[in-house]
Amino acid sequence: MNTEPFITIALPKGKLFNLSTELFAKIGWTAEGLSEKSRKLVITNEEQRLKFIITKTADVPTYVEYGAADIGIIGKDVIAESGKDIYELLDLGFGKCHLMMAVPKDRKRPTLQDYAHTRVATKFPHIAEQFFTSQGMQMEYIKLNGSIELGPIIGLSESIVDIVETGTTLKENNLEEIVSIMDATARLIVNPVSFKLKFERVNSMVTDLKKILATD
């Protein structure tokens, strides 16, 4: 009977889920019934001593920081916003997007500084504040969790800071990107204590993943 400790992996629901499970499958890390549609939130592979947690995107760094999960896959944007105490082990290269500021096309101002002391709607208030502070700008931040584009449309804010992949949603809502804040891809993160206590398995996994990423 295998008595080695379990490795627990936090996987985010949404666009990164299938890409993450496909990547793990390439190194043989799988579990029966591992699907985003699973009613089970924890899916276990007893033989390989693996547990997969399926969770909301924003919660992955929290599970990893507190050791409820040893490792996780999450976007760099979420890591930067969360400020959690985790180690970032690998840039996985998929889930490419960027964080930017956008405004209504018909209310565009001549320079970025012309938006100082206005309201910005965002899911990323910490990143936004760091960026605007670096530009010498004071702003009012309104935290929203969905449909950020609504902010300027209904007069809640003058601008938004949000993630963009294709820019289609911006166009559909007559918004225009005026400055790029940061690029983001999916990252492999690990709990600092797990990294020490389960180093051999985690390091072996990282080595295997690097090989796969190098050939993809």
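Predicted model: local features only at pLDDT ≥ 70, side-chain atom pairs only at ≥ 80, totals over all residues.
Visitor: Is Asn191 buried or exposed?
Guide: Asn191 lies in the loop between β11 (186–190) and α7 (192–197). Buried means under 20% relative accessible area. Asn191 has 5% relative accessibility and therefore counts as buried.

Visitor: Why are the buried residues of α1 on the same side of the helix?
Guide: The buried residues of α1 (residues 15–26) are Leu16, Phe17, Ser20, Thr21, Leu23 and Phe24. They lie on the same side of α1 because the arc they cover around the axis is only 160 degrees.

Visitor: Which helix do the buried residues of α1 pack against?
Guide: Their partners include the strands β1 (7–12), β3 (50–55), β4 (71–75) and β11. The helix in the list, spanning 199–215, is α8.

Visitor: Which residue just after α1 takes a positive phi?
Guide: Helix α1 covers residues 15–26. Just after α1, a phi of about 85 degrees is found at Gly28.

Visitor: Which strands stand at the edges of the open sheet of five strands?
Guide: The strand order is β8-β7-β9-β6-β10, and the pairing is mixed. Each edge strand has a single partner, so one of its sides is left without a neighbour in the sheet; the edge strands are β8 (140–143) and β10 (175–184). From one strand to the next, the twist averages 25 degrees. The edges are thus β8 and β10.

Visitor: Which residue in β9 stands opposite Ala121?
Guide: Strands β7 (residues 119–122) and β9 (residues 159–164) run parallel and are joined by three bridges. Opposite Ala121 stands Ile160.

Visitor: What angle does the direction of α4 make with that of β8?
Guide: Helix α4 (residues 125–134) packs on the sheet and touches β6 (97–104), β7, β8, β9 and β10. Its direction makes an angle with that of β8 of about 165 degrees.

Visitor: What share of the contacts with a separation of 6 or more is between residues 24 or more positions apart?
Guide: The protein has eight helices and 11 strands, and 47% of its 216 residues count as buried. Residues 24 or more positions apart account for a share of those contacts that comes to 67%.

Key. Residues numbered from 1 in each chain as written. Heavy atoms only, no water. Helix = DSSP H or I, 4+ residues; strand = E, 2+ residues; numbered from the N terminus. Buried < 20%, exposed > 50% of the residue type's maximum accessible area, 1.4 Å probe, protein only. Arc of directions from axis to C-beta. Contact = heavy atoms within 4.5 Å. Pairing = 2+ DSSP bridges. Axes fitted to C-alpha atoms, helices over the stretch in contact; angles between N-to-C directions.
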